[in-house]
Amino acid sequence: QPQPTYGQADIMGLARVFTGWDFDSGDRGTPGRVGRPMVQYPRRHETGEKTFLGVTIPAGTDGARSLDVALDTLFAHPNLPPFVSPPFRPSLPRAS
C-alpha cells in the first residue's frame, strides 16, 4: 500500500546529507574522472542535524556515515519497491 510521499522539508534535509561529495579534484584533467567514485570532502560537509522521511541524523555525523544512513532510509521506505522492481519483473522466474 502506498505511503505518504515526501515534502520540501524532506528534500532539504536529504540535500544536506549530500554536501561535501564531489568528483576527485586531484585529477581534473582526466575525462574519465566522472566515471570514478565520488569522494567526500569533510570541510564541505554540513555537520548540522539532518532530518528527512522521519529519520534524524545527529549533528556532527561525518559525510560517509550520513550517506549510509540516508541510503538505508531510502531503500527501507515502502514506496521504493514499486519504482525499482518493474524492470526486474520480466526476468524473474514464474510459477507454473
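Student: How many salt bridges does a search of the whole structure find?
Tutor: Happy to start there. This is a predicted model, where local features need pLDDT of at least 70, side-chain atom pairs count only at pLDDT 80 or more, and totals for chains, interfaces and linings use all residues. Residues are numbered from 1 along each chain as its sequence is written, and side-chain values use heavy atoms, leaving out hydrogens and water. Taking a salt bridge as a side-chain nitrogen of Lys or Arg within 4 Å of a carboxyl oxygen of Asp or Glu, the search of the whole structure finds two.

Student: Which residue forms a salt bridge with Glu-46?
Tutor: The closest N and O atoms of this pair are 2.9 Å apart. Glu-46 lies in the loop between strand 2 (39-40) and strand 3 (50-52), and its partner in helix 1 (residues 8-17), so the pair ties together parts 30 residues apart in sequence. Helices (H or I, at least four residues) and strands (E, at least two) are DSSP runs, numbered from the N terminus. The partner of Glu-46 is Arg-16.

Student: Which residue forms a salt bridge with Arg-44?
Tutor: Here too, the closest N and O atoms are 2.9 Å apart. Arg-44 sits in the loop between strand 2 and strand 3, while its partner belongs to strand 1 (residues 21-22), 22 residues away. That partner is Asp-22.

Student: Over the face of which residue does Arg-44 lie?
Tutor: A charge sits over a ring if NZ of Lys or CZ of Arg is within 6 Å of the ring centre and within 35 degrees of the ring normal. Arg-44 is at 4.5 Å from the ring centre of Tyr-41.
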